Amino acid sequence: MNIAVIIAGGVGSRMGQDLPKQFINVYDKPVLIYTLESFQKHPQVDAIELVCIDGWHEIVWAYAKQFNITKLKWIVSGGKTGQESIRNGVFALEGKVSPDDNIIIHDGIRPLVESSVLSDVISKCSQYGNAVTSMPYNEQIFVINDGDETTTNKFIPRETLRRVSTPQAYRFDLLDSKYHEAFEKEIGIYGSHYTNTMMVELGVTLHFAAGSDKNIKLTTKDDLEMFKAYLKAEKDNWLK
């Protein structure tokens, strides 16, 4: 089976709104529902677990009924950090899924998940035991000099870099064991760490899967406007 774990435990302070950004309405639909619909519509996704802020669980169940998100099976509470939220979601699946099930982790505020990206992540995970969405890095990267952050004399060749985001997928037995190990040893769980960086810290080799430039993360108001533009473009193309 392929089970999606959607992370929607953040409050979204950088968006500057009065409610969490995953619940902001765009064209009469919450951002989170756009994300859930991508997984609902994908034929290879069997079930969805949502990691959500306390106080919003019943609202999400109501949204799921309204928008026919029938694959949503579980809602669990998030933690104080992103890694704690993912851990809560993973541990909540213990006893509910099989060791060789694929668990697809995805940010609830990345609503433009293309079907082809999801398919490739699932395929690569089934083949290798893990898969991370990735894209080439097209900008030049320079390293600031010690003692003077306004200068540089060293760059990193961009062909050696990949941008990695979600969705990313892992066999449940690998994912579950590594989250137990990470929190017991306090490795890969602080700051900006995510599942992929934690895995590397714990010695796991990751496998790249296909990505998409449309797969934006809604962090700021500008991101939200870009999302609206994508939706409008899709509507216009459909009308033609």
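Which residues is Leu72 in contact with, leaving aside its neighbours within four places in sequence? Contact here means heavy atoms within 4.5 Å. The partners are Ile48, Leu50, Val60, Trp61 and Ala64. Keep that list in mind.

A word on the model. It is predicted, so to speak, from end to end: local features need pLDDT of at least 70, side-chain atom pairs count only at pLDDT 80 or more, and totals for chains, interfaces and linings use all residues. Residues are numbered from 1 along each chain as its sequence is written, and side-chain values use heavy atoms, with hydrogens and water left out.Now the overall picture. The protein has seven helices and nine strands. Both are DSSP runs, numbered from the N terminus: helices are H or I with at least four residues, strands are E with at least two. The radius of gyration is 18 Å, close to the 18 Å of the globule rule for 240 residues, so the protein is as compact as a globular protein of that length. That radius is taken over C-alpha atoms, and the rule is 2.2 Å times the number of residues to the power 0.38. Along the principal axes, the C-alpha atoms fill a box of roughly 55 × 45 × 35 Å. Of the 240 residues, 47% count as buried. Buried means under 20% relative accessible area, exposed over 50%, and partly exposed in between, with a 1.4 Å probe and protein chains only.

Back to Leu72. Strand S2, residues 47-52, pairs with strand S3, residues 72-77, in the parallel sense over five bridges. Pairing requires at least two DSSP bridges between the strands. Ile48 has Leu72 as its bridge partner in S3.

Next, the packing. A nonpolar core is a set of buried Ala, Val, Leu, Ile, Met, Phe, Trp, Tyr and Cys residues joined through side-chain atoms within 4.5 Å. The largest one has 30 residues. Leu72 is among those with the most contacts inside it, and so are Ile48, Leu50 and Val60. Two or more residues each come from S1 (2-8), H1 (31-41), S2, H2, S3 and H4 (115-128). H4 gives the most, with five residues. Another core lies apart, with 25 residues, among them Val5, Ile7, Ala92 and Tyr194.

Ser85 sits in helix H3, residues 82-92. Is Ser85 buried or exposed? Ser85 is buried, at 2% relative accessible area. Not counting residues up to four places away in sequence, Ser85 touches Ile7, Val51, Gly78 and Gly79.

On to the hairpin. Strands S6 (141-145) and S7 (148-156) run antiparallel, joined by five bridges. Ile141 has Ile156 as its bridge partner in S7. Two residues lie between the strands, and Gly147 takes a positive phi near 85°.

The peptide bond from Thr166 to Pro167 is cis, with omega near 10°. Pro167 is in strand S8, residues 162-171. Tyr27 is not a glycine, yet has a positive phi of about 55°. Tyr27 lies in the loop between S1 and H1, and counts as partly exposed at 43% relative accessibility. Glu186 also has a positive phi of about 55° without being a glycine. Glu186 is in the loop between H5 (172-185) and H6 (195-201), and is exposed at 52%.
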